[in-house]
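User: Hi, could you walk me through this protein?

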Amino acid sequence: MTAEHDEKTSDTTQLHSTQRTSFVKGLERRPVLTSLRGELLATPIPLERDVVTIGRALDADIRLNDFKVSRLHAQICAESIEGGTRFRVRDLGSTNGTLVNGQVVPEALLNNGDKILIGDHLFRFELLDEIDHQFQQQIHRLIAHDELTGLLTGKSFFTELKREAARAEMENQPFCVLMMDLDHFKLVNDKYGHLVGSRTLQDIGVIIKASLRSGDVAARFGGEEFACFLLDADYAQALVAAERVRSAVEAHLFSGANVTSPDSSQLFRITISIGISAFPDDSKDAVQLVEMADSACTERRGMAAIRFVLINLLWPPWKHRSAPGGADSKQAFLQHNLIPDV
């Protein structure tokens with residue numbers, strides 16, 4: 001299909017220059033792809049470059065975790081014309097093709113509102129003013145983030161974790177997963193009420209986020225369970241991060257005051273259990289990493305003498321060093337070398 005043929009015969013894929021240069025209350029409309037289906041649901045993706053590549057590859061501008069998507073599947077190009085700019089989607093020889101408004105196309109000019117299907121991911125091409133753009137971002141935040149803590153939801157966490165696993169494997173970089181569970185949190189709800197419990201969870205979210213590096217990703221899985229993954233981190237770095245979280249939570253004084261009992265002197269402390277798993281030593285599968293870290297977190301609850309439980313049986317310290325008593329094992333190393341809880 002040629003560009004000339006597109007311009008003459010396709011009303012559904014034509015984008016007139018007046019649309020690109022139109023204004024709403026003095027604000028220029030900006031091109032975005034809004035995800036209607038797939039792991040990026042409701043995400044508004046700005047098309048800020050002249051050429052934006054979509055695919056499964058690590059170097060794609062919009063990277064999709066979808067086996068139906070080719071490594072470099074399609075691209076959206078901005079074309080300058082007299083009086084404005086128009087946009088064209090072009091298939092890059094993908095295996096399963098690129099569809100615009102339900103039709104397989106090698107390339108097509110895009111009109112405001114056109115729907116683009118790539119693999120199982122459906123996008124809508126839109127020209128948004130600043131008000132529309134802020135609205136789309138707010139919708140995405142509501143869907144992707146936990147309302148109480150502002151951290152990612154479990155579903156969004158798995159999406160980001162899978163993307164990180166693909167990146168780490170491609171670049172041969174490690175990362176670690178931390179699963180965290182508040183100890184005996186039910187006692188907080190029973191003694192102080194659920195409003196205090198909710199406020200405590202909010203505080204925990206703030207503490208966890210403040211204890212991590214800016215690039216690390218944290219989430220609330222629901223209830224009193226939290227998770228995070230640490231970019232480019234090995235076990236030793238994960239232990240440092242876990243200790244920052246653990247000590248910050250333990251040192252914080254939480255308020256037990258509520259409407260019926262406004263006494264501000266009601267203060268309490270809480271502790272947190274943390275399990276750690278590592279990519280690629282423990283697993284290369286995102287779901288398995290979470291399950292293993294969660295299992296380690298559960299194991300830690302029954303081992304009051306230590307602060308953390310790690311998964312990898314081949315971590316160097318006990319591979320090369322015997323713990324007292326001759327027990328050359330992970331468990332013995334942890335029991336004799338990690339600082340006891342106070």
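Analyst: What follows is a short tour, from the overall make-up to single residues. This is a predicted model, in which local features need pLDDT of at least 70 and side-chain atom pairs count only at pLDDT 80 or more, while totals for chains, interfaces and linings use all residues. Residues are numbered from 1 along each chain as its sequence is written, and side-chain values use heavy atoms, with hydrogens and water left out.

User: Okay, how many helices and strands does the protein have?

Analyst: The protein has ten helices and 20 strands, where helices (H or I, at least four residues) and strands (E, at least two) are DSSP runs, numbered from the N terminus.

User: And what share of the residues is buried?

Analyst: Of the 342 residues, 48% are buried; buried means under 20% relative accessible area, exposed means over 50%, and partly exposed lies in between, using a 1.4 Å probe and protein chains only.

User: Which residues touch the most other members in the largest nonpolar core?

Analyst: Leu230 and Ile276 do, in a core of 33 residues. A nonpolar core is a set of buried Ala, Val, Leu, Ile, Met, Phe, Trp, Tyr and Cys residues joined through side-chain atoms within 4.5 Å. Two or more residues each come from strand S14 (175–182), helix H5 (185–192), helix H6 (194–211), strand S16 (225–230), helix H7 (235–251) and strand S19 (272–279). H7 gives the most, with seven residues.

User: What does leucine 230 touch?

Analyst: Leaving aside residues up to four places away in sequence, leucine 230 touches Phe175, Cys176, Leu178, Leu212, Arg213, Asp216, Ala238 and Ala241, where a contact means heavy atoms within 4.5 Å. There is also a second, separate core of 22 residues, and Ile54, Ala74, Val89 and Val105 are among them.

User: How many bridges join S12 to S13?

Analyst: Four bridges join S12 to strand S13 (residues 121–128), and the two run antiparallel. S12 and S13 form a hairpin with two residues between them, and glycine 119 in the turn has a positive phi of about 60 degrees. On its other pairing, S12 meets strand S9 (residues 98–100) in the antiparallel sense over three bridges. Leucine 117 in S12 stands opposite leucine 99, and its bridge partner in S13 is leucine 122.

User: Which residues are on the covered face of S12?

Analyst: Ile116 and Ile118 are on the covered face of strand S12 (residues 115–118), whereas Lys115 and Leu117 are on the uncovered one. In a regular strand the side chains alternate between the two faces of the sheet.

User: Is glutamate 79 buried or exposed?

Analyst: Glutamate 79 counts as buried because its relative accessible area is 18%. Glutamate 79 sits in strand S7 (residues 74–81) and touches Gly84, Thr85, Arg86, Arg88, Arg90 and Leu109, not counting residues up to four places away in sequence. The C-alpha atoms of glutamate 79 and leucine 109 are separated by 9.9 Å, although these residues are 30 apart along the chain.

User: What about the backbone, where is the cis peptide bond?

Analyst: A cis peptide bond joins phenylalanine 279 and proline 280, with omega of about 0 degrees, and proline 280 is in the loop between S19 and helix H8 (286–301).

User: Which loop holds asparagine 101, and which one holds asparagine 172?

Analyst: Asparagine 101 lies in the loop between S9 and S10, while asparagine 172 is in the loop between helix H4 (154–171) and S14. Asparagine 101 has a positive phi of about 55 degrees although it is not a glycine, and asparagine 172 likewise has a positive phi of about 55 degrees. Asparagine 101 is partly exposed because its relative accessible area is 33%, and asparagine 172 counts as exposed because its relative accessibility is 67%.

Terms used: Pairing = 2+ DSSP bridges.
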